[in-house]
Amino acid sequence: MSNDISSNRSALKEFLASIATISGDLSNITAPPFVLAEYSTVEIPQYWADHPSLFISQAAEEDAEKRALSVLKYFIGTLRNQQYAGRNEGDGVKKPLNAFLGELFLGGWRNEEIGETRLVAEQVSHHPPVTACYLWNDKYGVRAEGFTQQEITFSGNVTIKQKGYAVLHLDKYDEDYLIPVPNIKVKGILGGTPYPELQGDYSLISSNGYVSQIKFEGKSLFGSGQKNGFEAQLFHADRPGEILYTAKGAWNGISTFHDAKMDQEIETFDVNGLSSTKIEVDDLSEQDPWESRKAWADVISALRSGDMKGTANAKSRVEEGQRQMRKDEEVRGEHWKPLFFERVEHDPVFEKLSTRDPGSFTVDTTGGIWKINHEAVKSAKKPYHGELVPANTGAGGASRKGSLDSDRGARRWSNGTAGSRTSKRLSTEDVARRPSGTGSISLAFRPKHPEPQDQNQAIGISAPPADGPTDAQVEAFLRAKSSTSTRY
């Protein structure tokens, strides 16, 4: 069976008809295998720095005004790959695998001139789904951390409301830049080639007083506007009426930067002309079981071979293991504790800078605010969770704590519910038991070869599934729902 979306339009239409009958957040709906990409949502943060020279460029700019302009350019330069991640735009986007609680993605980029840029990303919450990340380059003193929680709804198009933010810090100037995470609307779904449009007005705010206001507005239903279009203007907060620079164009293509004071164009910026560097990760054999590509290896293999049944079954093994793990924790009165990030009540940098434009940022107190644990980055050892693995199995592959009822997924899908839970919400303030590891942390990764992959990164639809139905269960559910629905 083909895993191409355009070859499965009939099944896609049934799936869309079914979710159209569900009100509210769709984050816990498990998508049919043919719409899935070959990577997890926890990999998405790599695209904040897959242009390493762009990531560190602002550290070399001595002038504060031009530094703020450099950060605006950096932000625009990251957007295309965050949405498409190297995938041919003509092929559309696919939905990433739903990251499970505790899933990790570790890697980096090495360059003789730039030095080493590293990434730590972790799924820190399951309900709601939250991914946190930390990127840093010690040679240039550039570091960024952030988190995102997504709420997904469907009304003909898929709308993804992003809750969270990132903070870029420059050591040399002791400056912080508060960076928004734009909302996304996925269009073109019924045509078989979905594509993302960013939506809304946002501010990129610096502690040195400079603010970049950015407006995303794609092509309208009636054809007006520019596909993937944006406009931006940069000014100092003390002089909001004095525009210093403007920028306009397509965030996935060509844009122009204009010096408003001199009334002259200063740069034509082509995002597609940037050199995108593939992240280097440990060989699969050396990865920890909780690292994303190791954990999803069977799923990725099945997707690449077009084995949709194998995809669903491999996903189910991980997902059922995760459900059982949560039940075991509840019985013991324990709660999962993330490895590299900590939940905090307050972020002084965010609280200070966001006052300049509170409407640019949404933070859900349920999902929390997440900050990097620097000590954990230095001291964590492999295996990160001892003998515990994501599928909750022992060395022989059997369940360590028993299995769920085989018909649980069928019951859940037949009654149309999604993500229902009887267990209490996990709190990262409670410390879970974690066996001590023995190996050394892989952040100083050993990139013998970058892990082979198709970089088919899709839009940031972050939605850890609660249950993993088989293909037959999905098909039965879709038929039952679409037969009673008139919404398409």
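How many helices and strands does the secondary structure of the protein chain come to? In this predicted model, the count is 10 helices and 17 strands. Of the 488 residues in the chain, 58% are buried. Let's also look at contacts between residues at least 6 apart in sequence: 67% of them join residues at least 24 apart.

A friendly place to begin the tour is with the aromatic rings. Searching the whole structure turns up 11 aromatic pairs. One of them joins Phe-340 and Tyr-384, whose ring centres are 5.9 Å apart; the planes meet at 80°, and since an angle over 60 degrees counts as edge-to-face, this pair is edge-to-face. Phe-340 belongs to the loop between helix 6 (308–332) and strand 16 (341–344), while Tyr-384 belongs to the loop between helix 8 (374–379) and helix 9 (408–414), so the pair ties together parts that are 44 residues apart in sequence. Both Phe-340 and Tyr-384 are buried. Elsewhere, ring pairs connect Phe-100, Trp-290, Trp-296 and Trp-336 into a cluster.

Rings also meet charges here. Arg-67 places its charged end over the ring of Tyr-173, 3.6 Å from the ring centre. In a second case, Lys-261 lies over the face of Tyr-245, and the distance to the ring centre is 4.5 Å.

Next, have a look at a pair of helices. The axes of helix 5 (residues 297–304) and helix 6 come within 8 Å and cross at roughly 170°. Angles over 145 degrees count as roughly antiparallel, and therefore these two helices are roughly antiparallel to each other. On the helix 5 side, the contact is made by Asp-298, Val-299, Ala-302 and Leu-303; helix 6 contributes Met-308, Gly-310, Thr-311, Ala-314, Lys-315 and Arg-317.

Now for some backbone geometry worth checking on screen. Most residues other than glycine have a negative phi, and most peptide bonds are trans. Where does the chain depart from that pattern? The peptide bond from His-127 to Pro-128 is cis, with omega near 0°, and Pro-128 lies in the loop between strand 4 (115–125) and strand 5 (130–137). Another cis bond runs from Lys-382 to Pro-383, with omega near -10°; Pro-383 is in the loop between helix 8 and helix 9.

Asp-174 sits in the loop between strand 7 (158–170) and strand 8 (175–179), and its relative accessibility of 58% makes it exposed. Asn-228, in contrast, is buried, at 1% relative accessibility, and its place is in the loop between strand 11 and strand 12.

That loop between strand 11 (210–216) and strand 12 (229–236) also holds Glu-217. Setting aside residues up to four places away in sequence, Glu-217 touches Leu-198, Gln-226 and Gly-229. Its C-alpha atom is separated by 7.8 Å from that of Glu-197, 20 residues apart along the chain.

The last stop is Ser-255, in strand 14 (residues 254–259). Ser-255 is buried, because its relative accessible area is 1% and anything under 20% counts as buried. Beyond its neighbours within four places in sequence, Ser-255 is in contact with Phe-230, Lys-248, Gly-249, Ala-250, Glu-267, Thr-268 and Phe-269. From Thr-268, 13 residues apart along the chain, its C-alpha separation is 5.9 Å.

Terms used
Residues are numbered from 1 along each chain as its sequence is written. This is a predicted model: local features need pLDDT of at least 70, side-chain atom pairs count only at pLDDT 80 or more; totals for chains, interfaces and linings use all residues. Side-chain values use heavy atoms; hydrogens and water are left out. Rings of Phe, Tyr and Trp (its six-membered ring) pair if their centres lie within 6.5 Å; planes under 30 degrees apart count as stacked, over 60 as edge-to-face and the rest as tilted. Helices (H or I, at least four residues) and strands (E, at least two) are DSSP runs, numbered from the N terminus. Buried means under 20% relative accessible area, exposed over 50%, partly exposed in between (1.4 Å probe, protein chains only). A charge sits over a ring if NZ of Lys or CZ of Arg is within 6 Å of the ring centre and within 35 degrees of the ring normal. Axes are lines fitted to C-alpha atoms, for helices over the stretch in contact, and angles run from 0 to 180 degrees between N-to-C directions. Angles under 35 degrees count as roughly parallel, over 145 as roughly antiparallel, 65 to 115 as roughly perpendicular and the rest as oblique. Contact means heavy atoms within 4.5 Å.
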